[in-house]
Amino acid sequence: LHWMKKIASMKKPAAAPKMRYYTIDEIRRHNTSMDAWTVLGDVVFNITDYIEYHPGGFDRIMQAAGQNATKLFEKAHAYVNAKA
């Protein structure tokens with residue numbers, strides 16, 4: 001619930017950002033609690049602000065930081081459609 005309130009209050013971009021492509025080496029550099037990215041499917045997510053809200057806890061979400069976490073996500077959240 002706190003995460004939902006936070007994202008509701010965030011400023012929305014005026015326009016959709018330009019599509020950018022990242023290499024896995026770039027993703028791997030973002031693997032700390034102060035700067036965490038992950039990949040689900042073919043989308044890169046900056047999960048830094050979400051870490052403190054993750055219901056599975058810090059250690060669980062940090063397993064996804066800096067890597068393609070598609071299989072890990074699908075295993076833990078088989079009922080969730082990440083593309084929705």
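What volume does the second largest pocket have? In this predicted model, where residues are numbered from 1 along each chain as its sequence is written, local features need pLDDT of at least 70, side-chain atom pairs count only at pLDDT 80 or more, and totals for chains, interfaces and linings use all residues. Side-chain values rest on heavy atoms, with hydrogens and water left out.

The second largest pocket has a volume of about 400 Å³, a volume being the space filled by probe spheres set on grid points joined across faces, edges and corners. A pocket here is an open set of points on a 1 Å grid over the protein atoms alone, where a 1.4 Å probe fits, with protein on both sides within 12 Å along at least five of seven lines, and lining residues have an atom within 4 Å of a point. Of the 13 residues that line the second largest pocket, M19, R20, Y22, V43 and V44 are the closest to its centre.

R20 also brings me to E26, since a polar contact of 3.5 Å joins the side chains of R20 and E26; such a contact is a pair of N or O atoms within 3.5 Å, and within protein one must be able to donate a hydrogen and the other to accept it, while residues adjacent in sequence count only if both atoms are side-chain atoms. E26 counts as buried because its relative accessibility is 19%, buried meaning under 20% relative accessible area with a 1.4 Å probe and protein chains only.

T48, at 18% relative accessibility, likewise counts as buried, and about 810 Å³ of space lies in the largest pocket.

Technical notes: Buried < 20%, exposed > 50% of the residue type's maximum accessible area, 1.4 Å probe, protein only.
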